[in-house]
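Visitor: I have a chain to look through and would like a short walk around it. Can we start when it is on screen?

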Amino acid sequence: MRVVILENAKAVANFGADKIASLIKTKPQCTLGLATGSTPIKLYQQLIEQYKSQQLSFSDVSTFNLDEYLGLDGLHPQSYRYFMNENLFDHIDIDKRNTYVPIGNTSHPDQACFEFEQTLKSKGGVDLQLLGIGRNGHIGFNEPSSSLTSRTRVKTLTEDTINANKRFFKKEEFQPHLAITMGIGTISEAREVLLLATGYDKADAIQNAVEGPLAARCPASILQLHPNVTFVIDEKAAQKLQ
Ligand code: F6R
């Protein structure tokens, strides 16, 4: 595991964007694993800028997103499909047919999870998986106590995650408590993993993931076993590391 500590969130975003850009340049048909949440937004802005200045093309890139709320369709402003369109896909030359976000508005979620895994497999797996981390150490929506070998499935969100994500929903708006998420086993199969974290809020989770025991209590700790993982964090998120 490599841990890169940078001055601030902007430097973290630049580092991540450069890493993704250089993969796309060496392998234009690559498959990216993508995350939502506030952490990767600046990175996506960087990628959009590189596309607009003609340094980068996404025309042959495929993407698989980590997760989606169960019960929200892709037109719902809080859905992760909507987030990805707004924050990245609508601003670059990617073919949207090659962008896969788990289907949230389905009455057959288990089937949707199975098909998501099958499609990922048929595309040859993820070359580079981008991750954020929850305050409780979750990756994707794999909350503490998730099986470390889990596959894409439906998970119940913890109170902590629901509260952390309340900021994205209007006061009276329905906030789902269930999500479809890639499993920890699925994430671990990515050939390379890049986890970004910024801010004091993430300091405990980063300490547990990097220095703590390998434990279902901190799902991100599984990454200690990954042969090619880089944590890119700012000084605030690094403050509890020894
Ligand atoms: C998002 C995801 C989550 C977030 C995590 C951190 O697709 O899978 O694991 O990465 O909740 O969220 P932010 O970046 O908003 O702090």
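Visitor: Let's begin with His 138. Is it buried or exposed?
Guide: His 138 is buried, because 27 other C-beta atoms lie within 10 Å. A residue counts as buried at 20 or more other C-beta atoms within 10 Å of its own, as exposed at 12 or fewer, and as partly exposed in between, with C-beta atoms placed from the backbone.

Visitor: What kind of model is this, and how is it numbered?
Guide: It is a predicted model, where local features need pLDDT of at least 70, side-chain atom pairs count only at pLDDT 80 or more, and totals for chains, interfaces and linings use all residues. Residues are numbered from 1 along each chain as its sequence is written.

Visitor: Where does His 138 sit?
Guide: In the loop between strand E6 (128–131) and strand E7 (153–156). Helices (H or I, at least four residues) and strands (E, at least two) are DSSP runs, numbered from the N terminus.

Visitor: What does His 138 touch?
Guide: Leaving out residues up to four places away in sequence, His 138 touches Glu 143, Pro 144, Thr 161 and Pro 219. Contact is taken as C-beta atoms, placed from the backbone, within 7 Å.

Visitor: And Glu 143, where is that?
Guide: Glu 143 is also a residue of the loop between E6 and E7. It counts as buried because it has 21 C-beta neighbours inside 10 Å.

Visitor: Which residues does UniProt list under "active site"?
Guide: The unreviewed entry gives Asp 67, Asn 136, His 138 and Glu 143. UniProt positions are in the numbering used here, feature names are shortened, and annotations may be inferred rather than shown by experiment.

Visitor: Which residues are closest to the ligand?
Guide: Thr 36, Gly 37, Ser 38, Thr 39 and Gly 132 are the closest of the 14 residues that surround the ligand. A residue is near a molecule if its C-beta atom, placed from the backbone, lies within 6 Å of it.

Visitor: Changing topic: how long is helix H4?
Guide: H4 (residues 109–122) has 14 residues and reaches 20 Å from first C-alpha to last, close to the 20 Å expected at 1.5 Å a residue. The expected span is 1.5 Å times one less than the number of residues.

Visitor: Which of its residues are buried in H4?
Guide: Pro 109, Ala 112, Cys 113, Phe 116 and Leu 120. Down the axis of H4 these buried residues fall within an arc of 100 degrees, so they line one face of the helix. The arc is that of the directions from the helix axis to the C-beta atoms.

Visitor: What do they pack against?
Guide: The buried residues of H4 pack against strand E3 (62–65), E5, E7 and strand E8 (178–181). On the other side of H4, Asp 110, Gln 111, Gln 118, Lys 121 and Ser 122 are exposed.

Visitor: What follows H4?
Guide: Gly 124, with a positive phi near 90 degrees.

Visitor: One last spot. What does Leu 88 touch?
Guide: Tyr 44, Leu 47 and Ile 48, not counting residues up to four places away in sequence. Leu 88 and Ile 48 are 40 residues apart in sequence and 6.8 Å apart in space, C-alpha to C-alpha.

How values were computed
Contact = placed C-beta atoms within 7 Å.
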